[in-house]
Amino acid sequence: MDKLLETLPSTKTPNPVLADVLSRKDVWRGQRLDTAARVISSGYPVLDQMLQGQGWPIAELIDVTQPANGHGEWHLLSPTLANLSQKSGYILLFNPPAMPYGPGLEQQGIDPRKIRVIKSTQQDVALSALVDMLQAQCSLAVLAWENNFHWRYAQLRKLQIAATHGDALSICFRKNTTARVQSPAPLRLHTQLKAKGLEIELLKQRGQTHQQQCTLALPRLSAPVHVELGNNLDSNTQVVGSNGLGKVLPFQRASTQSESTRQGGI
Amino acid sequence: MLWLALRFPRFALDVFHRECSFEENHTLEFSAEQLNQQATVVAHKELNRTKVLYANDVALAHKVYPGINLVTAQALLEAEKTEHEDNNANNSGPIILERDIRLEWKHLQWIADFCYDYTPYVKLHNTPLFNGRELNEHSLEQTQQTQSDQKQIHQNIIPPHSSCSEQSHLQPGVILEISGSLKLFSGLKNVQEKIIAELRKNHINVNAGIGHTQEAAWVLSNYHSTLTESHTVADYIHSMSSISTQALDCHQEIFKRLNKMGVSTLGELFSIPTAELGKRFGKYFLHYLQCLKGNTRQALVRPKEIHQFKKKIDLDFPVQNTQLLEHAVSLLIYQLLIFLKKEQLQCEGVEWTLGSVNEHKKVVILCQPIHFDGELLKELTKLHFDHLSLSFEVNHLELKLIHFSSLNHINDEIFSLDQSGLNPVLVARQWQLLLTKLHNRLGKQSTQELSLQPEHLPELLNTWQVSDIRPNKKQSNLSSGKKNTKTSNTSHSLAFQSLDLFSGDNHSTAINQDTINSCENVTAPKPAWLLHPPVSLKANNDQELFWQGKLTILLGPERIQGHWWDQSRHHNRDYFIAEQDDCRKVWIYHDRGQDQWFLHGVFS
């Protein structure tokens, strides 16, 4: 027995091979996580508390499922992207559902000049291009939409490996139906707009034992405006400015409108 | 300035020697040893006669001299052969070669490239093309023209040399300006020895001359010169004084006139008053003499560079699988990189030709400027070849440089880092690399960037343009993460001015200040997604709008008008923010002209 104990590695002097294996970021050690992994704050304290490392993991694939496009992707990411857009590099949007609107992004603090949109219709070529984007050192963030593509586990695994070779916030937006399908992404979320705000369900993350959920509040707008369709509104509106090029009317001011800018949209 | 002239007295024969030394060359029917041991003659066809241009020592021993008729030379050599056959039955006959101007050019180019390692000022002198034969290749034709132009200045508009004899001034050579390289290569002696040793190692016979002008160096290269860099101009002129006038780089007619005058050495020529020479020989000869003596200061101009890279590899066996071309591709790219380094160029596009006997396929690859990054070019080539379907077997592979530019060293902002510790210049380069890959994978139209225009209508304001693969100042500014506040003329800044109409943060816009204040600095929320073209909305009988569900208007209106001066493009819209059943917010507008509702954006 004593001889057997002698052959076991001492706890004081760990096996270098084992230490080498444990130093890999993709080795999952139960609840204990590599605290040295780099993260970037989501900008929402409630969400940061849920995320391991208190923020979005950098160089890891994040899988976000939504019921449909437009369910709060910019609201979720705008504080982080606003932070990233201050750095040298580019925010790459791969097959976005529509073209981003510069003034809208600017209102959320994102420098629209840092945005690049990449489109592809062929899935096999698209995957290679996405790997290139994830690995590129100039990518600050890569946001990819699955849309009509159907990424298999192996393909997502390829993206996850590519993300680890890069230095970007790597997020893929997928359909709601994929939420219950296995994914190699270390972090999986489900987001959905509800009346009380953007509901976020944490489906999977390293070291997580149970699902977590939070809601990011959306700034309230005013009560619904009654508009008579077909009415040209001239009686309700007033032209207040003209620079010779066009005319701009003021908005009916919402009660908590001023909060919206920092919080990332309406 | 200090000039080194390298004269190749037996160049027409040396090129065959050098060609024999290449192991892979199996086209020649003789070896280098045979060229030395047997009587060898290089003949040159001139008008209707074929004359001997060069003869080796064995041929000279048989009284075959340059300039004699080839028929005569053959008769002499045959007579000698008959005598030798009696003594040695195994002795083979003389080797008679036709001068190969294309081959001479090829080796002259190699010599020029080699000399470029020592100085950027390399000038070919007395190139074979000057003697009248034309080559088809564009670059060589250009060179011929350049050489002819240079000659015209020297030779008093006397027609080009009509004879191609053994005269020393028709021997090809290279002239280098080496004053700037002396320190680097530890003195003139070392430079000279290194160059000559390398040339002789490559079977090129060479005579060298040092001079204070390129004309003087060329003249002095006729004779063994012991001058060094420490000598003065007077020393160089003195050393030329005993040299025959035949060494001058002039037409035969001038030599005849000098002989008639009884002038046989350069010393005697220099002693004649300039005015007298001008009257007899004209101003161009006078100019040449002034250049020779160094009285006329010549600007140090780099020779007109002709950049052409086109290399071909014949494959050992036919190939249809492009993966088997990898080695040939690597070899050609390596040669291209050497060319780029020597010419100080950067490659922006290449053309691959995969050819068989009857068919060929061309593949054009455009890329961001490459100077030493061969891996990128390899990767791009692999990308293209992987998607290539070949209907024939490839026998040869050719690489041609089609787009290039002068090397642009990135040496600005090399030490500047942004707040995240990244170097903006390197980030910009990384982006160019990525963009090149994306363009080659997905096409040129695949990548777009925002270009905000000074417009009010959202779809005109928010325009997307294809990202350019070539780096420009605008991109490098953007990549640095700094907003360029000084360039108020740019479309970006103009566009943001128009945005300021809504933001209320910056009141320095064209709009009336009082008017902005009266707006209570209201910020109109704008969507993150813009739909283009706008989606037409329909209303039901209860006057309710629908788009993927019922829409409830929450906020508005914001009136945006544009192009009021142009009725055909005039738009008058009232924008509202509406909410769907699933809580998504959308941006809709009522077109007052058409009296229709449209969905224009989605908040997210």
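Q: What is a nonpolar core?
A: A nonpolar core is a set of buried Ala, Val, Leu, Ile, Met, Phe, Trp, Tyr and Cys residues joined through side-chain atoms within 4.5 Å. The model considered here is predicted.

Q: Which residues touch the most other members of the largest nonpolar core?
A: They are B:L6, B:F8, B:L248 and B:L269, in a core of 67 residues. The largest share of this core, eight residues, is supplied by α5(B).

Q: Why is the core said to lie between domain 1 and domain 2 of chain B?
A: Domain 1 (39-93) and domain 2 (101-293) of chain B both contribute residues to this core, so the core lies between them.

Q: What is B:L269 in contact with, leaving aside its neighbours within four places in sequence?
A: The contacts of B:L269 are B:L248, B:L258, B:V263, B:L277, B:F285 and B:L289. A second, separate core has 60 residues, including A:I40, A:L51, A:L193 and B:F576.

Q: Why is B:H107 called buried?
A: A residue counts as buried under 20% relative accessible area. B:H107 has a relative accessible area of 1%, and therefore B:H107 is buried.

Q: Where is B:H107 found, and what is B:H107 in contact with beyond its neighbours within four places in sequence?
A: B:H107 belongs to helix α5 (residues 101-115) of chain B. Beyond those neighbours, B:H107 is in contact with B:F11, B:V15, B:R18, B:E19 and B:F22.

Q: How many aromatic pairs are counted over all chains?
A: The count over all chains is 17 aromatic pairs.

Q: Why is the pair of B:Y118 and B:F185 called tilted?
A: The centres of B:Y118 and B:F185 are 4.8 Å apart and their planes are at 40°, so the pair is tilted. This pair links distant parts of the chain, 67 residues apart. B:Y118 lies in the loop between α5 and β5 (122-125) of chain B, and B:F185 in the loop between β6 (173-177) and α7 (188-201) of chain B.

Q: What makes B:Y118 and B:F185 buried?
A: The relative accessible area of B:Y118 is 13%, so B:Y118 is buried. B:F185 is likewise buried, because its relative accessible area is 15%.

Q: How do you know that B:F285 and B:Y288 form an aromatic pair?
A: Their rings are 6.4 Å apart centre to centre, and the cut-off for a pair is within 6.5 Å. With 40° between the planes, the pair is tilted. B:F285 and B:Y288 both lie in helix α13 (residues 283-293) of chain B, three residues apart, which is about one turn of the helix. B:F285 counts as buried because its relative accessibility is 0%, and B:Y288 is buried at 1%.

Q: How do you know that the charged end of B:R18 sits over the ring of B:W110?
A: The definition asks for CZ of Arg within 6 Å of the ring centre and within 35 degrees of the ring normal. The charged end of B:R18 is 3.8 Å from the centre of the B:W110 ring and is placed over that ring. B:R7 lies over the face of B:W218, at 4.1 Å from the ring centre.

Terms used. Residues are numbered from 1 along each chain as its sequence is written. Chains are lettered from A and ligands numbered from 1 in the order in which they are written. This is a predicted model: local features need pLDDT of at least 70, side-chain atom pairs count only at pLDDT 80 or more; totals for chains, interfaces and linings use all residues. Side-chain values use heavy atoms; hydrogens and water are left out. Helices (H or I, at least four residues) and strands (E, at least two) are DSSP runs, numbered from the N terminus. Buried means under 20% relative accessible area, exposed over 50%, partly exposed in between (1.4 Å probe, protein chains only). Contact means heavy atoms within 4.5 Å. Rings of Phe, Tyr and Trp (its six-membered ring) pair if their centres lie within 6.5 Å; planes under 30 degrees apart count as stacked, over 60 as edge-to-face and the rest as tilted. Domain bounds come from an automatic or database domain assignment.
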